[in-house]
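Work through the exercises below with the structure open beside you. Try each task before reading its solution.

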Amino acid sequence: MFEERRLHPAAIIFNILKVIKELFFSLLIVLVAGNFLIFSIALGAFSILASVYGILSWYRFSYYVTDDELWIEYGIFKRTKRSIAKNRIQSIDLTESVIHRIFKLTRVQIETASGGEKAEAALSAVSLKDAKELREVLKNSGKAGTLVPEEMYLAQKEISFSRLLLAGITSGGLGIIIGFIVVGLSEFDELIPEMVYNYTYEWLVTASIIFIVLIILGVLATIWLLSILWTLLRYGKFTIRRTEDELFITRGLLERKQLTIPLHRIQAIGIEENILRQPFGYAFIFAEIAGGNTDGKLADSTILFPLLHKREIAAFLDEFAPDFSWQEEEVEWTKPPPAALPYYYVRSSVLFLLASIAVFIFFRSFAWIPIALFALSLGLGWLSYKDAGFYLKGNRLLLRYRHVKRTTVLIQQKRIQAFEKKNHALERKWSLASMKISILSNTGGKHYHVKNLEEEKVNQLGDRIAYRNKLE
Amino acid sequence: MRQPPKHAIDPRAVDVWKISAAIYLGILWLILLTSVVFAILWDWSFVYITGAIIITVLLSYLFIFLFPKLRYRRWRYEIFEQEIYIQHGIFIRTRTLIPMIRVQHVDTEQGPIMKRFHVASVSISTAATTHIIPALSEENASDLRDRISQLARVDEDDV
C-alpha cells in the first residue's frame, strides 16, 4: 500500500513559521520592555529553539495508509497516533502556497464529515507526486469513488480573464468607493465657495483643496485596484470540474487551492447579485456544504463560480449540480402582498430616518446627507419588497430576498432542518407572516428569512413541507 | 400550519417563570434600594430615582405578573411521527416544524427551581438548530424525550 513516510523536509520551514507566528507577540513585548542585549539573547535562544522544534517535529511526524485507514503519528514527547477510516473521508484538499510551489510541494488537508475549522488531518508539505499517490490510495476504497483521469470529467469550466477582471471591477469594494466619492465631492462643493471667496490667497487654498481631493481620489483608486488585484490573485485560473459524485475546484494565482466537494453534501446553492452586478445581469454562485470544506475561512460559503451571467446559470447548474438545476422563466414567485410594503420601508429606512432627525436638529447644514441616504434607503426598501419571494416545486424550494445584495437560494426540501413561521400582532392583523428556514452549513446552521408574506401562503408552504401530509 | 399545536405545557411553568423573574428583579431592586440610600445620604436629585423606581415597578409587573401568563398561554407543542410542531412567542408568534429525521439528540434538563416544582424542560437539537420546550411534568418530559429519540432513530443517508 502506502508505506510509512515523513513529510518533505520543507515541512521544517512551516513548523518554524508556525512557532514564529505563535511567539511573535511575546518577542515584541521583550523588545519593547527589555533592552537590546536581552532582546538579542532572547532572539538567539528563540531561533535555536524554534529550529530544533521544527526539525524534531518534522522527524517525529509520519504517515502511512493501511487497507482501510490513514494513520498519522506525531508529537516530540507526547506521541499521538491518529487513524482516519478511508470511507469516512469526505474530501482531500490540496493547497499550494508560494513556498510550496518553489519546492513543487502541496499541503494536503483531509476532512471527514465533522464540521469545524480544523481539518482532521493536515500534512503541511508533501511532494506533488506523493500527494497524487496518497489521494488515489485513499479514494480507492472510499465511498467517494476512484480518481478519474482528466478526460473522464463530466463537465469542466474555467473562468476567462476578461470575466475575472469584470468580477474584480464589480466586487464590493467599488460600491463603497463610489459612495465616498459622491458624498465627498458634494461636500467639497459646499465648502469651496465659502473658502475661495473669504480668503485672500484664494488660488493657494483652492490648489490645496484640489490637492486634498486628488489625494483622496488616489487613495480610493488604490483601494479599488487592490481589490481587483486581490480578486485576480484569489480567483485566477478558477476551474471547476465534475465527476459522477464530486466537484473539484482549483483556484488562485499565487496560492493554488484545490477543493473537493462531494455533491451529496451540498445543502443549498445560492446566487448573489450585488448592486453593481445586477444591472448587467451578473452574479456569483456559492454553495452551503455540510461539514468539512471551509475553504480556509470559517463562516464562508464555498464559491462555485466567481462570476456568471444570468443566462449561463441554468446551464451551469445543469452541468455541475443537477439536483439544483432550475430555470428562472419557470418560476412563479409567491411574493409579499401590498400590505407588506410599509414593513419593508420601515425596516430599510428607520435608522436613516432617526439619523436625519438627529442631524437636522444638531447640524442643520449637513442634514442633506442623511436625508439623501434616507431617500436611497426607501428605494432599497422598495427593491427588497419587489424581490422577496419563494417558490416550491417538487423537492426544490427557492427563496429570494434582498438586504443590499439580492440573494436567491436553492434548497432541496429534504435538507431543511427546521421551518419556522413568525408573526407579531400587527402582522396577524393584516394576515401576514414571515418565515425562517434553517439548513446545515459548515459552520453549523444557516438561516434564511423571507419577510411579510401572506400568512395563508406561509401556512400552505409549511403544510407542504410537513412530512405527515405526504403520507396521507 | 393553520391550526396551533394541540398540547399546552405544564401550568407550573408559570410559577417557575415567576420565581426566576423575581430573582432577577430582586437584584435590580437591591441596586435601586442602594442608590436610594446613597441619594438620601448625599442629597442626590430624586427625579432620576423616582424615574428608576417607576421603571422597576413596571418591569416587575411585566416580567413577574404579566409575561409568564401570556407566555404560558402561547406555548404549545405537538409530536407527530414525522415531525415536531412547536408554537411560542408573546409578541412574535413563532410556529416551528422540525422534521423528525433531522433530530440529532434530545435532552431533558431541570434546574433547581424546576426541580422544586417537579417539571423539566426538553431540548431538541438538529444539526443546525436547538429548540427547547420549557416545562413539562417530569414524567411527561422523560416520556417525550424517549418517544422523540425512538421516532428519530431512522436510517440517515447523510448528515
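**Exercise 1.** Into which domains is chain B divided? Describe how they sit against each other.

*Solution.* Keep in mind throughout that this is a predicted model.

Step 1. Chain B has a domain 1, residues 7–72, and a domain 2, residues 77–152.

Step 2. Taken over C-alpha atoms, the centres of domain 1 of chain B and domain 2 of chain B are 29 Å apart.

Step 3. Count the contacts: 15 residues of domain 1 of chain B touch 14 residues of domain 2 of chain B.

Step 4. Between them, domain 1 of chain B and domain 2 of chain B bury about 1,200 Å², with 79% of it on carbon and sulfur atoms. On the side of domain 1 of chain B, the residues that lose the most area to domain 2 of chain B are His7(B), Arg12(B) and Val16(B), together 42% of what that side buries.

Step 5. Search this interface of domain 1 of chain B and domain 2 of chain B for salt bridges: the count is 0.

**Exercise 2.** Find the residues of chain B that UniProt lists as "transmembrane region", and state their secondary structure.

*Solution.* Step 1. The unreviewed UniProt entry lists residues 21–42 and 48–67 of chain B.

Step 1. Residues 21–42 of chain B are 100% helix, and the end C-alpha atoms of this span lie 31 Å apart.

Step 2. Residues 48–67 of chain B are also 100% helix, with 26 Å between the end C-alpha atoms.

**Exercise 3.** Describe the contact between chain A and chain B in numbers.

*Solution.* Step 1. Chain A contributes 33 residues to the contact and chain B contributes 24 residues.

Step 1. The two chains bury about 2,500 Å² between them, and 51% of it is on carbon and sulfur atoms.

Step 2. There are 2 salt bridges between chain A and chain B. A salt bridge is formed by the side chains of Glu456(A) and Arg2(B), at 2.8 Å from N to O.

**Exercise 4.** Which residues of chain A does the "domain: YdbS-like PH" annotation cover, and what is the make-up of residues 385–461?

*Solution.* Step 1. According to the unreviewed UniProt entry, the annotation covers residues 58–136, 238–317 and 385–461 of chain A.

Step 1. Residues 385–461 of chain A are 19% helix and 61% strand, and the end C-alpha atoms of the span lie 19 Å apart.

Key:
Residues are numbered from 1 along each chain as its sequence is written. Chains are lettered from A and ligands numbered from 1 in the order in which they are written. This is a predicted model: local features need pLDDT of at least 70, side-chain atom pairs count only at pLDDT 80 or more; totals for chains, interfaces and linings use all residues. Side-chain values use heavy atoms; hydrogens and water are left out. UniProt positions are given in the numbering used here, feature names are shortened, and annotations may be inferred rather than shown by experiment. Helices (H or I, at least four residues) and strands (E, at least two) are DSSP runs, numbered from the N terminus. Contact means heavy atoms within 4.5 Å. Buried area is the accessible area (1.4 Å probe) that two parts lose on being put together, summed over both. A salt bridge is a side-chain nitrogen of Lys or Arg within 4 Å of a carboxyl oxygen of Asp or Glu. Domain bounds come from an automatic or database domain assignment.
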